[in-house]
Amino acid sequence: MNSPHCIFSRRWLSAPLLFLCAAGLFAGTTGKIVGTATDKKTGEPLPAVNVVLVGTSIGGTTDSEGRITVINISPGTYSARATLMGYVTQVVTKLVIQADLTTNIKFEMTETSITLDKEVVVVAERPIINKDETSK
């Protein structure tokens, strides 16, 4: 026959084991990207750079200091594309994301001029309602 003392000590021994097993259930399953975007020539941070993982809808925009953080990324190998008007689009390939780890990325963007192949023609039209006229 088991004494109450023996049952009590078995419970205390199994509690840490149960806790260690449960800790594995709460381990992260996603990774994170942290990075910066700067002007290659001046080294100045670039705000509003759009960073997207190619082939996904995951991404974000750099803050006023050129920093970006993208969370909840499934583990795998990705390509990241950085775009900003007036700069050449930059793509970083073979970006490995691992669960519970942070991957650092740095975009050094080069300025470019924007050229249009065709002339853009805008035709002005007369407004349907004349806002200056109060009555007929």
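Predicted model: local features only at pLDDT ≥ 70, side-chain atom pairs only at ≥ 80, totals over all residues.

Me: Which residue is the bridge partner of Val 51 in β3?

Reply: Gly 60 is the partner of Val 51 there.

Me: How many bridges join β2 to β5, and how do these strands run?

Reply: Four bridges link strand β2 (residues 50–53) with strand β5 (residues 76–83), and the two run antiparallel. Within this pair, Arg 81 of β5 stands opposite Val 52.

Me: Over how many bridges does β5 pair with β6?

Reply: Six bridges connect β5 with strand β6 (residues 90–97), again in the antiparallel sense. One place to look is Ala 80, whose bridge partner in β6 is Val 92. β5 and β6 form a hairpin with six residues between the strands, and Gly 86 in this hairpin has a positive phi near 95°.

Me: In what order do the strands of the open sheet stand?

Reply: To read a sheet, follow the pairings from strand to strand. Here four strands make an open sheet in the order β3-β2-β5-β6, with antiparallel pairing. β3 (59–61) and β6 are at the edges; each has a single partner strand, so one side of each lacks a neighbour in the sheet. On average, neighbouring strands of this sheet are turned by 20° against each other, direction ignored.

Me: Which residues touch the most other members of the largest nonpolar core?

Reply: For a core, ask which members touch the most others, then which elements supply them. The largest nonpolar core has 19 residues, and those touching the most other members are Ile 33, Val 49, Phe 107 and Met 109. Two or more residues of this core come from each of β1, β2, β4 (67–73), β5, β6 and β7 (102–109).

Me: What does Ile 33 touch, leaving out residues up to four places away in sequence?

Reply: Its contacts include Leu 53, Ile 68, Val 70, Leu 95 and Ile 105. Thr 69 and Thr 103 are also among the residues that Ile 33 touches.

Me: Is Asp 39 buried or exposed?

Reply: Asp 39 lies in strand β1 (residues 31–39). Asp 39 is buried yet has no salt bridge. The nearest side chain of opposite charge belongs to Lys 41, 7.4 Å away, whereas a salt bridge needs the charged atoms within 4 Å. Beyond its neighbours within four places in sequence, Asp 39 is in contact with Glu 44, Leu 46, Tyr 87, Met 109 and Glu 111.

Conventions: Residues numbered from 1 in each chain as written. Heavy atoms only, no water. Pairing = 2+ DSSP bridges. Axes fitted to C-alpha atoms, helices over the stretch in contact; angles between N-to-C directions. Buried < 20%, exposed > 50% of the residue type's maximum accessible area, 1.4 Å probe, protein only. Lys, Arg positive; Asp, Glu negative; His and termini not counted. Contact = heavy atoms within 4.5 Å. Core = buried A, V, L, I, M, F, W, Y, C linked by side-chain atoms within 4.5 Å.
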